[in-house]
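Student: Please take me through one part of this structure closely. I would like a hairpin and the surface patch beside its turn described together.

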Amino acid sequence: MNALVPERSRVIIRPDPGPCPVIQTERLRLRPHRLADAEAIAQSLGDFQVARMLARVPAPYDHQDALDWLNRQATNVLPDWALAVTTGDDVHIGCVGIELRHGQWHVGYWLNRFYWGKGLASEAVHTAIERFFRRMPDTVLHSGVFADNPGSLRVQEKLGFRITGCSQIYALARNAMVAHIETRLTAADLRRPY
């Protein structure tokens, strides 16, 4: 410890991947969210089959919930990325989020149920993570899935995530504790799923 610098005056430097990017893939465009996405988000997360697989999404989920979330994203005070997953015609179909929680980077994602099973989640998540690792190559990303969500676990396994354990976490939409498979990924382990 430097005796010349008092403990309370030290500046804590937090890692920052920079602003949320716009990324184009063969089938998708990932971009920052807009307030105009509220209706599409409300429709997607208003579907209990989607909401039940997410820890922090209430059920029912409505237009005002989407606006409240979008307004928090628009503040840009956190280093987090919340990428809207859109199709070629800019239709909002999902989200990939990379956020700093309790000193660790976490990845979360969801798609509108009508886009499941087409490889779009793998493409979107890989693209977001690959760009994130270009900016933050020494970072370890954490994620996980509910134990009853094998499709999402397959997405993570294809990308190179490794299972690190299992826990119980509260799922707001289910109003219950649910078994959660914990995973992690480093830049060296990232694989292209397609």
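Tutor: What follows is a description of one hairpin, its turn and a nonpolar patch.

This is a predicted model, in which local features need pLDDT of at least 70, side-chain atom pairs count only at pLDDT 80 or more, and totals for chains, interfaces and linings use all residues. Residues are numbered from 1 along each chain as its sequence is written, and side-chain values use heavy atoms, with hydrogens and water left out.

β7 (162–171) and β8 (176–186) form a hairpin with four residues between them. Strands here are DSSP runs of E of at least two residues, numbered from the N terminus. The two strands pair in the antiparallel sense over nine bridges; pairing requires that DSSP finds at least two bridges between two strands.

In the loop between β7 and β8 lies N175, whose phi is positive, about 55°, although N175 is not a glycine. Most residues other than glycine have a negative phi. N175 counts as exposed because its relative accessibility is 57%; exposed means over 50% relative accessible area, buried under 20%, and partly exposed in between (1.4 Å probe, protein chains only).

Together, Y170, L172 and M177 make a nonpolar surface patch of about 290 Å². Accessible areas come from the Shrake-Rupley method with a 1.4 Å probe, and for residues only the protein chains shown count as cover.

Terms used:
Patch = residues over 30% accessible without salt bridge, like charges linked within 9 Å, V, L, I, M, F, W, Y side chains within 5 Å. Salt bridge = Lys/Arg side-chain N within 4 Å of Asp/Glu carboxyl O.
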